[in-house]
Amino acid sequence: MKKLIFWTLILSITVLLLNLSPKNAEAVPAFARKYKTACMTCHATYPRQTALGEAFRLNGYKMPEGDEIYVKDPPVSMGAEAYKRVWPKAVWPSDIPGLPPISLRVIGDLEVDIGDTGDSKDNRTKIEFPHELEILSGGSFGDNMSFWVELEFEEPADPEIAFSAWLMWEDIIWRNYFNIKAGSIGMNEIDPPNTRDHARITKSHYLFHERITKGLGDPGVEANGFGKNWRYAAGWVKPQDGFADGSYYLQAALKFGGLGFDGTGGTTEEGLLETTPAGYWRDDAIFFGGFVFKGDDNINRYGVDARWNFKDLVLAVGYVKEDNDIAPNSDENVVFVEAEYFFFPWMQSYARYERLDADPVNSDLARLVIGAALLARANVKVNLEGMFFTDNEPREILGLDKDVDNRVFLRLDYAF
Amino acid sequence: MRISRGSITIICWMILLALFVVTKPLSSLAEEGGTIKGLVKTPWVRRYQALVYIDRVEGKEALPPKENPFVSQAGLVFKPRILPIVKGTTVDFTNDDTVVHNVFAPPGSAKRFNLGTYGQGVSKAVTFDTLGEVTLLCNVHPEMVGFVIVLQNSYSALTSDKKGNFEIKNVPPGKYRLKVWHEKLKDVYQEVVVEAGKTVSVEFKKKAFKRR
């Protein structure tokens, strides 16, 4: 009965949202609709952003250097700009999105256990469709305010619902240097800044996210800012329930080469944002970054990463550590290296090696994630991926269940 | 040698004709102005028009028109959005909607005024006696905006397309400062020399413009 109610609700929301979309709309997410531009303007194999997409995201979901020029779906004005001169005798002017800025993302998985569990063949295959449904909404209210709302339903057998939302006030001190964000801070953000799990192209999460940084997304307040070559975020978050002390975090990144975090450095003579003719994903640059999370639960997390984009190749390396002050013998740390390569605009292959050293003993893991992300359409992605453990102590030594085992995945992922 | 009367008549007419042919173009040159044609190369003109105008023409203070231009409030927008006028012009503000409207100029405008709220079919007049930009707002509908640009002379043109093309005709020969006004950008200018009967081309490059 619960399942029936749940699926009725999901289908009703889906039908409602589809009917709100323009009849002639191609299947494109909200930002693509707003600017009447393809996904590839901002995404290099979504959800990973291109350099322009990252600048767009940091700028509060607005095009850097003159957003208004590019908007094709005019917003609804909540006051002409000249009303700034009338304030405080008038409400500060802004605007709201024209069309409801809602996107849907549906993810389904086929998983095959290829480990030597000894089970019969019928028990090795699992299908989850959908595995995940995301309802996303984001945009801006005028020049210097932006918002984000994300609702995730995962694994229908036992629905896990994640909800995050935030509002950001920008350009408080000098342009881009100091912004304030309030809401669900950090969810999907408190990771090594240049290898954020939320922006991965693989089906599998980063091991550091699975084991160390996942769930660091409580409500709070964050100050952030960015320039051409740098960006930072510093925040305070607190569990939604209870009166526990808050946690603090700091995240920072540097970039050398390529389009700046602020979108500068890529402008043509005509004032248009430059796109490289060789490949929309290209942005030759080197990144360095790190984060520190001082948890109120006496568990602290640290991480550093580096990434090198060179034409069609991406190389990254990182280290994430967890220190448990209460139980020092249960510390964990993950080191990883990864490589991605664009064979074609629609085909990006990848390989990632990750190693988890954990306490207590007999908890170490090392695995290789290898596969390819294929864009059947700009908004339809297929991942063919294998996960192979080179060290699997929990299973081999502790005899844990076969979920921690070599497997192959086929993921279908589409968004509109 | 005697020249007949008929021959003298013919010779006189030929002289007169020659004089006419020679002097007519000269007099035309004295009356005919030049043309300034060009391009405002900023992507902002795709969104909002720019106004290109001659800052000052000495000895050519333009007189206000006999018939008042008007700015209409229709469909909850000011029409036209940008109205260039010469100093001393009286503009009629007419409410062509079925809802009440208001017109006022906020701080920073060359002329401050507030016409109060008024209903359909009512028209109110304002005389603009100071050079500069006057922003028009409506305190009933905050999203409405318009601009009256008060100029020293009548030599101006709005960009005619999204590429930023403009043309100003019949400009008296001389050296002038040509300015560009845009609601989102700071003013820029260039010096231009206009010759009678000729067209001078001007281009305002994107790099020259800065956001307000």
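**View 1. Strands S17 and S18 of chain A pair in an antiparallel fashion.** In this predicted model, 8 bridges join S17(A) to S18(A). S18(A) covers residues 407-415. Look for Met387(A): its bridge partner in S18(A) is Arg407(A).

**View 2. S17(A) also pairs with S16(A).** Here 12 bridges link the two strands, which run antiparallel. S16(A) spans residues 365-377, and S17(A) spans residues 380-392. Together S16(A) and S17(A) make a hairpin, with 2 residues between them. Find Ala372(A); opposite this residue, in S17(A), stands Leu384(A). In a regular strand, side chains alternate between the two faces of the sheet.

**View 3. The largest nonpolar core holds 39 residues.** Which elements give two or more residues to this core? From chain A come helix H3 (51-58) and strand S6 (160-173). From chain B come strands S1 (34-40), S2 (51-54), S13 (165-171), S14 (174-182), S15 (185-194) and S16 (199-204). S15(B) provides the largest share, 4 residues. Among the residues with the most contacts inside the core are Val40(B), Leu178(B) and Phe204(B).

**View 4. Ile36(B) is one of the residues with the most contacts inside the largest core.** Neighbours within four places in sequence are left aside here. Ile36(B) is in contact with several valines, including Val171(B), Val192(B), Val194(B), Val200(B) and Val202(B). Its other contacts include Ile54(B), Phe166(B), Glu167(B), Ile168(B) and Leu178(B).

**View 5. A second, separate core has 23 residues.** Among them are Ile185(A), Phe291(A), Leu356(A) and Phe409(A).

Technical notes
Residues numbered from 1 in each chain as written. Chains lettered and ligands numbered in written order. Predicted model: local features only at pLDDT ≥ 70, side-chain atom pairs only at ≥ 80, totals over all residues. Heavy atoms only, no water. Pairing = 2+ DSSP bridges. Core = buried A, V, L, I, M, F, W, Y, C linked by side-chain atoms within 4.5 Å. Buried < 20%, exposed > 50% of the residue type's maximum accessible area, 1.4 Å probe, protein only. Contact = heavy atoms within 4.5 Å.
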